[in-house]
Amino acid sequence: MKKRILSGMRPTGRLHLGHLVGALNNWAELQEEYECFFMIADWHALMGEYENPSVISDSIVDNLIDWLAAGIDPQKSTIFIQSHVPQHLDLYMIFSCLTPLGWLERCPTYKEQLKQLSNRNIKTYGFLGYPVLQAADILLYKADKVPVGEDQLPHLELTREIARRFNSLYQQKIFSDPEALLTSLPRLLGLDNRKMSKSFNNTINLSDDPQVIKEKIQGMFTDPRRIRLSDPGHPEECNVFSYYKAFIPGRDKEVYLWCKGAQRGCTECKAILSEGLIEYLKVHQDKRRAWLKDKAGLERILRDGSQKAGELASQTIRQVRQVVNIG
Ligand code: TRP
Ligand code: SF4
């Protein structure tokens, strides 16, 4: 029996290179070894974007297309939308009853998000419960492993705590401890050297046109110590160079040498990167275009996915309802 994986992404805008390198490429590989469930977490998106929910509906199919273009294969994996499987909310409700407030108030991601997203009104009951819903997502499918970025580790820890609390309260071993599966890949920074994120407006999106990619790359931060062409650079500290390693690894050695030897300038270095990245994304974008024309195919994937996910989810919920004496 293959071990089971569940992971998810919130549909809150276009996907970018960070999603591809940090998650999708990894998910595509995991499909060979695991039974995979990949979920579009629209309820989680609503917790943050409830004031502007149209971004969610606009992003769902667009993100799905990026997943498919990145090689997430509906023949191998179950791809579904969270809100299409109502059992997520049943388990969320039950977990809400037994999760102490303190666990949620102390959660570092909660405190950080409140600080970071101070422009948005997320001081809500729902947002505090974000990790409880995530625990429900994971435990509903009894996932063994959960591929996530490091920022999600506190949510995995809470998931294990909720699983243990449930088991010990009702003296039954319903849930086992899911494990985080960290991606070993280095994090790709945004154009301004901060974390790549839509809210910093520093992304290169998977659907960006070649011209947009060129402009964005020309605006990237480089080694601040390299002001003139004659200044030797420090490629290992330059984000442009990390993009070379990620997207055109064949060219990184020569660039390293010119940069250190102050032989060529950053403008030229970036122009070569643009070409390479546009070429790299061309394959992805061609696949995007093909999926955009296949509306029926996309609908079928989502329908089949929520059906498959629903079968497993309803087994778990039957078991859980029995244990808590509800329904
Ligand atoms: N919180 C995750 C994120 O923002 C998305 C998510 C929702 C998720 N449910 C999940 C990830 C379950 C893994 C497992 O990235
Ligand atoms: Fe960075 Fe390239 Fe400029 Fe070197 S030449 S500092 S790697 S952009």
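The buried residues of helix 2 (residues 42–49) pack against strand 2 (35–40), helix 3 (54–69), strand 3 (77–81), helix 4 (87–98), helix 7 (125–128) and helix 8 (130–140). Here, contact means heavy atoms within 4.5 Å, and helices (H or I, at least four residues) and strands (E, at least two) are DSSP runs numbered from the N terminus. The model is a predicted one, in which local features need pLDDT of at least 70 and side-chain atom pairs count only at pLDDT 80 or more, while totals for chains, interfaces and linings use all residues. Residues are numbered from 1 along each chain as its sequence is written, chains are lettered from A and ligands numbered from 1 in the order in which they are written, and side-chain values use heavy atoms, with hydrogens and water left out.

Helix 2 is mostly covered, with six of its eight residues buried (under 20% relative accessible area with a 1.4 Å probe, protein chains only; exposed is over 50%, partly exposed in between). Those six are Asp-42, His-44, Ala-45, Met-47, Gly-48 and Glu-49. Helix 2 and helix 3 pack at about 150°, their axes 9 Å apart; axes are lines fitted to C-alpha atoms, for helices over the stretch in contact, and angles run from 0 to 180 degrees between N-to-C directions. Asp-42, Ala-45, Leu-46 and Glu-49 of helix 2 make this contact with Val-55, Ile-56 and Ile-60 of helix 3.

The axes of helix 11 (residues 239–247) and helix 13 (residues 266–292) come within 10 Å and cross at roughly 35°. On the helix 11 side are Val-240, Tyr-243, Tyr-244 and Phe-247, which meet Cys-269, Lys-270, Ile-272, Leu-273, Leu-277 and Tyr-280 in helix 13.

Then there is Cys-238, in the loop between helix 10 (210–218) and helix 11. Cys-238 is buried, at a relative accessible area of 11%. Leaving aside residues up to four places away in sequence, Cys-238 touches Thr-222 and Asp-223. From Cys-238 to His-84, 154 residues apart along the chain, the C-alpha separation is 43 Å.

As for the strands, side chains in a regular strand alternate between the two faces of the sheet. In strand 4 (residues 145–148), Lys-145 and Pro-147 point one way, Val-146 and Val-148 the other, and all are buried. Strand 4 pairs with strand 5 (residues 179–182) in the parallel sense over four bridges, where pairing takes at least two DSSP bridges between the strands. Val-146 has Ala-180 as its bridge partner in strand 5.
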